[in-house]
Amino acid sequence: MTHLWATTTWAVLPDWLQAPVGAKRCGILEIGLAAVGHLEFACVEPEGMAQLTLGEDIPSPYEPVAGPAVT
């Protein structure tokens with residue numbers, strides 16, 4: 001059995017939120033199904049794809065944004 005971990009296509013989580021297990025890279029998981037039982041795969045980083053980290057390079061959608069106090 002082969003297990004593949006697909007890369008993110010948007011931005012990676014910072015190390016303080018998700019410990020690194022390997023290289024954190026944005027990209028695409030390309031899977032080729034050839035002969036029966038044969039699988040080819042590659043992590044592809046398309047030209048021009050930015051390598052972004054949430055909360056560092058772009059605002060995190062998972063954290064509340066400070067705004068005016070609600071009364």
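**Salt bridges, a pocket and a patch**

Me: Asp15, is that buried, exposed or partly exposed in this one?
Reply: In this predicted model, Asp15 is partly exposed, with a relative accessible area of 48%. Buried would need under 20% and exposed over 50%, so a value in between counts as partly exposed.

Me: OK, and which residue does Asp15 meet in a salt bridge?
Reply: Lys24. The side chains of Lys24 and Asp15 come together at 3.0 Å, N to O. Lys24 counts as partly exposed too, at 23% relative accessibility.

Me: How many salt bridges are there in total?
Reply: The count is 2. Glu45 and Arg25 also pair through their side chains, at 2.9 Å, N to O. That pair ties together distant parts of the chain, 20 residues apart: Arg25 sits in the segment before S1 and Glu45 in the segment after S2.

Me: And how accessible are Glu45 and Arg25?
Reply: Glu45 is partly exposed at 42%, and Arg25 is partly exposed at 37%.

Me: Switching topic: how much space is in the largest pocket?
Reply: About 360 Å³. It is lined by 15 residues, and those closest to the centre are Trp5, Ala6, Gln18, Ala23 and Lys24.

Me: What's the lining like by class?
Reply: 9 nonpolar, 4 polar and 2 charged residues.

Me: Which residues form the nonpolar patch on the surface?
Reply: Leu4, Ile31, Leu33, Leu39 and Phe41, with about 480 Å² of accessible area together. Strands S1 (28-33) and S2 (39-44) each give two or more residues to the patch.

Me: Where does Leu4 sit?
Reply: In the segment before S1. Leu4 is partly exposed, at 32% relative accessible area.

Technical notes
Residues numbered from 1 in each chain as written. Predicted model: local features only at pLDDT ≥ 70, side-chain atom pairs only at ≥ 80, totals over all residues. Heavy atoms only, no water. 1 Å grid on protein atoms, 1.4 Å probe; cavity = no way out; pocket = protein on both sides within 12 Å on 5 of 7 lines; lining within 4 Å. Points joined across faces, edges and corners; volume = space filled by probe spheres on them. Nonpolar A, V, L, I, M, F, W, Y, C, P; charged D, E, K, R; others polar. Patch = residues over 30% accessible without salt bridge, like charges linked within 9 Å, V, L, I, M, F, W, Y side chains within 5 Å. Areas by Shrake-Rupley, 256 points an atom, 1.4 Å probe, with all protein chains shown as cover. Salt bridge = Lys/Arg side-chain N within 4 Å of Asp/Glu carboxyl O. Helix = DSSP H or I, 4+ residues; strand = E, 2+ residues; numbered from the N terminus. Buried < 20%, exposed > 50% of the residue type's maximum accessible area, 1.4 Å probe, protein only.
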